[in-house]
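I opened my notebook to record what I looked up, keeping in mind that this is a predicted model.

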Amino acid sequence: MKTGKTAAVTGGASGIGEATVMRFAREGWNIVIGDINTSRGETVAEAARLAGAASVSVLHLDLADEASVTAFASETYARHASVDAVVNSGGILQNGIRFLDMPIEEFDTVWTINVRGTLLINQAFGRRMIDAGTGSIINMCSLTTYRPSPQPAYAPAKVALKSMTEIMAADLGPSGIRVNAVAPGYTLTPAMQARIDAGVRDPKAILDKSAIKRLVHPDDVAEAIHFLCSDAASAITGVVLPVDCGWLASSSYKSYASQPE
């Protein structure tokens with residue numbers, strides 16, 4: 001089934017981005033993968049073609065480089081007359097570190113990629129979506145959008161992306177563009193698995209505080225993203241949807257001073 005629709009997915013070569021590419025592929029979308037790792041992107045693209053994508057392109061994208069973002073958007077529109085969905089899955093993580101010990105260079109890198117890079121993508125595609133009078137944009141928030149964590153660059157960046165989502169929804173909504181975000185919980189991506197293996201993430205601590213006793217999988221987040229980009233969500237804009245196995249609710253519940261017998 002080919003829908004005639006097109007999605008651009010940043011960070012589409014791995015993790016949540018890869019799962020999102022595959023979710024849209026199964027619906028027969030045209031897909032443009034933007035990633036700094038184009039070799040891995042080609043592997044994902046081949047799997048997406050086999051899954052039913054109408055077409056898949058892989059373009060180099062460095063979110064820290066404004067020229068790269070501009071080129072990515074221009075090349076995407078050179079290949080497709082319109083883009084129906086933009087998914088901002090590209091970004092980097094940060095290990096726990098004390099506030100006073102964090103090098104400012106680390107802060108700059110996280111914000112340059114996660115916040116500035118997302119903003120640049122949204123401006124580049126948003127301008128063209130206004131001309132088309134339609135489109136859906138998804139930003140990537142986090143549990144740290146709602147709860148503090150010992151990630152003094154990453155966590156404030158995810159708070160900023162919530163604000164960006166709401167600003168964009170109000171600003172672009174009259175032009176027919178919906179802007180939402182997902183807030184994944186602890187998601188078993190390759191990057192997360194590497195941190196678990198290295199001992200810098202404790203899966204037991206995550207499960208102990210989750211209502212549903214499992215980690216989030218990339219496919220779980222991809223399903224939420226697909227829904228928010230679909231006609232079924234046509235009245236939804238400006239929201240940040242947690243996909244966290246109930247971690248936000250349960251962690252607060254379990255911290256209450258008196259627990260029921």
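**Salt bridges and a helix pair**

I began with Asp-220, which forms a salt bridge with Arg-214, the closest N and O atoms being 2.9 Å apart. I then looked up how open the two partners are, and found Asp-220 partly exposed at 24% relative accessibility, while Arg-214 is also partly exposed, at 34%. I noted as well that salt bridges with shared partners join Arg-23, Glu-27 and Glu-223 into one network.

How many salt bridges does the structure hold? I found ten of them, and I looked at two further pairs. Arg-79 pairs with Glu-75, their closest N and O atoms being 2.7 Å apart, and because these residues lie four apart in helix α3, they are separated by about one helical turn. Lys-5 forms a salt bridge with Asp-231, where the closest N and O atoms are 3.9 Å apart. This pair links distant parts of the chain, with Lys-5 in the segment before β1 and Asp-231 in the loop between α8 and β7, 226 residues apart. I recorded Lys-5 as partly exposed at 28%, whereas Asp-231 is exposed at 61%.

Next I turned to helices α1 (residues 15-25) and α8 (residues 218-229), which pack at an angle of about 55° with their axes 8 Å apart, and are therefore oblique to each other. The crossing of α1 past α8 is right-handed, and the residues of this contact divide into eight nonpolar, three polar and three charged.

Definitions and conventions: Residues are numbered from 1 along each chain as its sequence is written. This is a predicted model: local features need pLDDT of at least 70, side-chain atom pairs count only at pLDDT 80 or more; totals for chains, interfaces and linings use all residues. Side-chain values use heavy atoms; hydrogens and water are left out. Axes are lines fitted to C-alpha atoms, for helices over the stretch in contact, and angles run from 0 to 180 degrees between N-to-C directions. Helices (H or I, at least four residues) and strands (E, at least two) are DSSP runs, numbered from the N terminus. Angles under 35 degrees count as roughly parallel, over 145 as roughly antiparallel, 65 to 115 as roughly perpendicular and the rest as oblique. A crossing is left-handed if the near helix is turned anticlockwise from the far one by less than a right angle, and right-handed if clockwise. Ala, Val, Leu, Ile, Met, Phe, Trp, Tyr, Cys and Pro count as nonpolar, Asp, Glu, Lys and Arg as charged, and the others, Gly among them, as polar. A salt bridge is a side-chain nitrogen of Lys or Arg within 4 Å of a carboxyl oxygen of Asp or Glu. Buried means under 20% relative accessible area, exposed over 50%, partly exposed in between (1.4 Å probe, protein chains only).
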